[in-house]
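Have a look at the model first, then read on.

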Amino acid sequence: MTSTLCFHNIGSRVLTMGDLPKDQVYRMKLKGMSICFSMLKAALCGGYVNFGVFCLYGDNALDDALNTFVKMLLSIPQNDLLDYPKLSQTYYFLLEALAQDHMNFISSLEPQVFLYILSSISEGLTALDTMVCTGCCATLDHIVTYIFRRLSKVTKKRPNQTPDSENILRILEVQPDIFRQVIMQELTYHLRSYNINLVELCYFITIRKQGESICSK
């Protein structure tokens, strides 16, 4: 709990900084944000506290910390997330932790915030840092798994109806192509990792299907 409070307090102070010269942005602002991201990730993954009981006692420390993270993220130009390696790693590692254990929070974000996060994942898949790319793949896997499970429940219980609290499902309805684009990027990353060309893969799949069709005759 102490670390989430520290994150909220320190993050709030960092957010009060105004515009800075380009050569001072990292030293005066982004470096502090990177440390805050690392601090919050350690608090969420360390197993120090059962965050599930916070709402039972009316404790808003976790919500305040997560909302501060969102404000900090939106104050960072997306290009800077990849331009500074240490910031990249702490951000994407934290995002993976949030997607793994706090998808309820991510799914309730405003559409522009979620689209910013999704866009950052898309950019992260093109990063030179393998750890960043791998983290983006894991984050995307958590998000898609969550959406699939939610859609399955909605279809069974209330067909053709989306819960008001599920902003993420409404985004999916309005912009279904955005997930396809990101997933295709993830597939391309995995194929590139194994030195497989996507066109060649499609060609071999087509040839195999034709062969199976001929054999069945």
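**Helix packing around α5**

The axes of helix α5 (residues 85-101) and α7 come within 12 Å and cross at roughly 120°; axes are lines fitted to C-alpha atoms, for helices over the stretch in contact, and angles run from 0 to 180 degrees between N-to-C directions. This is a predicted model, in which local features need pLDDT of at least 70, side-chain atom pairs count only at pLDDT 80 or more, and totals for chains, interfaces and linings use all residues. Residues are numbered from 1 along each chain as its sequence is written, and side-chain values use heavy atoms, with hydrogens and water left out.

**α5 with α7**
- The two helices, α5 and α7, are therefore oblique to each other (angles under 35 degrees count as roughly parallel, over 145 as roughly antiparallel, 65 to 115 as roughly perpendicular and the rest as oblique).
- Tyr91, Tyr92 and Leu95 of α5 touch Ile117, Ser120, Ile121, Glu123 and Gly124 of α7, where contact means heavy atoms within 4.5 Å.

**α2 with α5**
- Helix α2 (residues 25-45) packs against α5 at an angle of about 30°, their axes 9 Å apart.
- That angle makes α2 roughly parallel to α5.
- Contact residues include Leu30, Phe37 and Leu44 from α2, and Leu87, Tyr91 and Leu94 from α5.

**α7 itself**
- Buried residues of α7 include Ile117, Ser120, Ile121 and Gly124; buried means under 20% relative accessible area (1.4 Å probe, protein chains only).

Note on methods. Buried < 20%, exposed > 50% of the residue type's maximum accessible area, 1.4 Å probe, protein only. Helix = DSSP H or I, 4+ residues; strand = E, 2+ residues; numbered from the N terminus.
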